[in-house]
Amino acid sequence: MDSDSYYQPRESDWDRYEQKMEEITNDIRDADPDLTDEEVDRALGSSRGNNGLRVLLSEIIIPAPPQNADQVNALAERIAQSSSEAEFSSYASQYSATASRERGGKMPWTPLENLPVSLRPILLALAPGEVTAPLPIPN
């Protein structure tokens with residue numbers, strides 16, 4: 001977790017996002033085959049602006065000063081293997097540097113548009129309860 005880096009989505013993240021959006025579009029069209037493209041776009045919201053989508057996330061942010069980077073990376077990899085919400089929550093309470101640690105890392109419902117653009121395809125591709133690989137962030 002280099003403090004000078006930031007997360008750039010991999011091509012596979014965008015592929016998962018596109019696949020998920022196609023699935024959602026197909027579900028909408030299956031529910032009402034007479035919808036126009038404009039109506040489907042409105043139902044999905046625009047990824048370029050205010051789309052009304054909100055996400056419910058949990059977070060763990062661990063400071064990684066250069067002298068501890070290897071330890072923090074190993075811990076982050078272990079956390080990414082969490083197999084339950086309770087396990088992730090326990091890690092958040094123990095290691096996270098954010099105020100959400102008091103809630104086991106749980107954040108309030110957040111409009112997708114309020115999150116960094118680079119995170120959006122990653123988050124939309126996640127299944128409920130799924131944990132991302134560690135995402136380095138600056139500072």
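Modeller: What follows takes each label and sets it against its rule.

Modeller: This is a predicted model, where local features need pLDDT of at least 70, side-chain atom pairs count only at pLDDT 80 or more, and totals for chains, interfaces and linings use all residues. Residues are numbered from 1 along each chain as its sequence is written, and side-chain values use heavy atoms, with hydrogens and water left out.

Colleague: What makes up the helices and strands of the chain?

Modeller: There are five helices and two strands. Helices (H or I, at least four residues) and strands (E, at least two) are DSSP runs, numbered from the N terminus. In sequence order the pattern reads α-α-β-α-α-β-α.

Colleague: Why is E22 called exposed?

Modeller: Buried means under 20% relative accessible area, exposed over 50%, partly exposed in between (1.4 Å probe, protein chains only). E22 has 52%, so E22 is exposed. E22 sits in helix α1, residues 11-31. Across the 139 residues of the chain, 32% count as buried.

Colleague: Which residues form the negative surface patch?

Modeller: D15, E18, E22, E23, D27 and D30 form it. Patch residues have over 30% relative accessible area and no salt bridge, and like charges are joined within 9 Å. Asp and Glu count as negative. The place of a charge is CG of Asp or CD of Glu.

Colleague: What makes K106 and E85 a salt bridge?

Modeller: The rule asks for a side-chain nitrogen of Lys or Arg within 4 Å of a carboxyl oxygen of Asp or Glu. The closest N and O atoms of K106 and E85 are 3.1 Å apart, and the pair forms a salt bridge.

Colleague: Is E85 buried or exposed?

Modeller: E85 is at 54%, so E85 counts as exposed. K106 is at 36%, so K106 is partly exposed.

Colleague: And why is E113 given its accessibility label?

Modeller: E113 has 31%, so E113 is partly exposed. E113 lies in the loop between β2 and α5 (120-125). From E113 to R54 is 59 residues in sequence, but 8.3 Å in space, C-alpha to C-alpha.

How values were computed: Patch = residues over 30% accessible without salt bridge, like charges linked within 9 Å, V, L, I, M, F, W, Y side chains within 5 Å. Areas by Shrake-Rupley, 256 points an atom, 1.4 Å probe, with all protein chains shown as cover.
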